[in-house]
Amino acid sequence: MARYAYVNGRYVDHRQASVHIEDRGYQLADGVYEVVGVRDGKLIDETPHLDRLDRSLKELRIAAPVSRKTLGFIIRELMRRNRLRDGLVYMQVTRGVARRDHAFPTAPVKPALVLTTKNTKHLVADVGPGIAIKSQPDIRWERCDIKTVALLPNVLAKQAARESGAYEAWLIDSVGCITEGASTNAWIVTKEGELVTRQTDNGILAGITRGTLKSIADTLQLKLVERPFSLAEAKQAREAFITSATSFVTPVVKIDGDPVGDGKPGPTARRLREEYVRFSEAGEAVV
Ligand code: PDD
């Protein structure tokens with residue numbers, strides 16, 4: 001079956017899909033993106049993801065390439081063509097194609113819109129054995145609240161983690177606190193049973209999965225505190241886990257080689273994952 005990508009108004013063979021070499025996303029990382037999970041043919045949290053895309057665009061003064069309604073149509077059409085039932089939709093908007101100059105183009109430029117889908121069925125199925133984390137210094141800029149394609153510090157941190165045998169990196173700020181993962185939000189469950197995740201501001205991305213999990217935790221009457229937490233505290237925690245559109249809720253069983261709790265996925269993370277999967281199965285099927 002041919003796999004399609006959407007590139008600036010056309011559905012094209014994924015293998016042939018390309019953008020111009022002077023696209024500002026390619027040359028200057030002048031663009032933003034979103035990743036929306038798809039479970040059983042349903043988009044997970046479509047509205048908050050598209051709201052965040054709008055916000056990222058506004059913060060960088062990039063015009064929306066198409067209306068919200070049209071974008072919704074494009075997403076569904078690509079899912080339909082690619083028969084996507086479990087996986088994710090990737091969408092990217094850049095400032096467009098212009099002669100290279102750091103400053104914004106002075107002549108009007110059309111922002112460029114690209115969408116792809118990915119089948120990740122295997123990720124969804126089970127909680128799995130849990131993952132290992134490696135801590136890395138957070139060397140990113142001060143607008144981590146914007147979901148830009150400028151991901152080099154995240155790429156380097158993730159690579160360092162992978163080379164050490166860990167799956168994800170947790171980024172450590174100048175005072176020893178964990179901001180978030182290279183591509184996920186970070187959570188712990190303290191010895192007292194409190195759920196802790198860092199507060200949202202310009203230091204982290206306000207994860208959509210994080211937001212949904214806050215509501216789930218509330219429904220389950222779990223005590224949630226949004227505050228900074230240190231690497232030392234995380235290592236002493238009863239449980240730890242990560243959240244994102246691609247990992248859902250995934251338990252952390254090791255940090256820098258030390259086991260978290262008893263070194264196995266904990267009950268809170270398991271329960272939250274179950275509830276999140278249930279939440280993701282609700283809603284209207286697209287494919
Ligand atoms: N990453 N923090 C960072 C730095 C991220 O890149 C992501 C998402 C998250 C979690 O956000 P959400 O719950 O909205 O997925 C937190 C996506 C999945 C990616 O880059 O592939």
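Gln-221 counts as exposed at 73% relative accessibility, where exposed means over 50% relative accessible area, buried means under 20%, and partly exposed lies in between, for a 1.4 Å probe and protein chains only. The residue lies in the loop between helix 6 and strand 12 (224-226), and although Gln-221 is not a glycine, its phi is positive, at about 60°. Helices (H or I, at least four residues) and strands (E, at least two) are DSSP runs, numbered from the N terminus.

Arg-61, in the loop between helix 2 and helix 3 (68-81), likewise is a residue other than glycine with a positive phi, in this case near 55°. Arg-61 counts as exposed, at 65% relative accessibility. As background, most residues other than glycine have a negative phi.

## Basis of the model

This is a predicted model, in which local features need pLDDT of at least 70 and side-chain atom pairs count only at pLDDT 80 or more, while totals for chains, interfaces and linings use all residues. Residues are numbered from 1 along each chain as its sequence is written, and side-chain values use heavy atoms, with hydrogens and water left out.

## The largest pocket

The largest pocket holds about 1200 Å³ of space, and because domain 1 (4-119) and domain 2 (131-280) both give residues to its lining, the pocket lies between them; the domain bounds come from an automatic or database domain assignment. On a 1 Å grid over the protein atoms alone, a pocket is an open set of points where a 1.4 Å probe fits, with protein on both sides within 12 Å along at least five of seven lines, and lining residues have an atom within 4 Å of a point. Grid points are joined across faces, edges and corners, and the volume is the space filled by probe spheres set on the points.

The lining of the largest pocket comprises 49 residues, of which Tyr-33, Lys-147, Leu-151, Ala-182 and Ser-183 lie nearest the centre. Helix 5 gives the most to this lining, with 5 residues, and the elements that each supply at least two residues include strand 3 (31-39), helix 2 (46-59), helix 5 (152-163), helix 6 (208-219) and strand 13 (239-244). By residue class the lining divides into 22 nonpolar, 15 polar and 12 charged, where Ala, Val, Leu, Ile, Met, Phe, Trp, Tyr, Cys and Pro count as nonpolar, Asp, Glu, Lys and Arg as charged, and the others, Gly among them, as polar.

## Aromatic pairs and charges over rings

Rings of Phe, Tyr and Trp (its six-membered ring) pair if their centres lie within 6.5 Å, with planes under 30 degrees apart counted as stacked, over 60 as edge-to-face and the rest as tilted. By this rule there are 5 aromatic pairs. One of them joins Phe-248 and Tyr-276, whose ring centres are 5.1 Å apart and whose planes stand at 70°, so the pair is edge-to-face. Since Phe-248 lies in strand 14 (residues 248-255) and Tyr-276 in helix 8 (residues 267-281), the pair ties together parts that are 28 residues apart in sequence.

## Buried residues and their distances

Ala-161, found in helix 5, is buried with a relative accessible area of 0%. Ala-161 and Ile-133 are 28 residues apart in sequence and 7.0 Å apart in space, C-alpha to C-alpha. Ser-135 belongs to strand 7 (residues 131-137) and counts as buried at 16% relative accessibility, with 120 residues in sequence and 7.4 Å in space, C-alpha to C-alpha, between Ser-135 and Ile-255.

Ile-208, in helix 6, counts as buried at 12% relative accessibility, and its C-alpha is 9.9 Å from that of Thr-47, a residue 161 positions apart from Ile-208 in sequence. Val-260 is placed in the loop between strand 15 (258-259) and helix 8 and is buried, with a relative accessible area of 2%. Val-260 and Pro-108 are 152 residues apart in sequence, and their C-alpha atoms are 53 Å apart in space.
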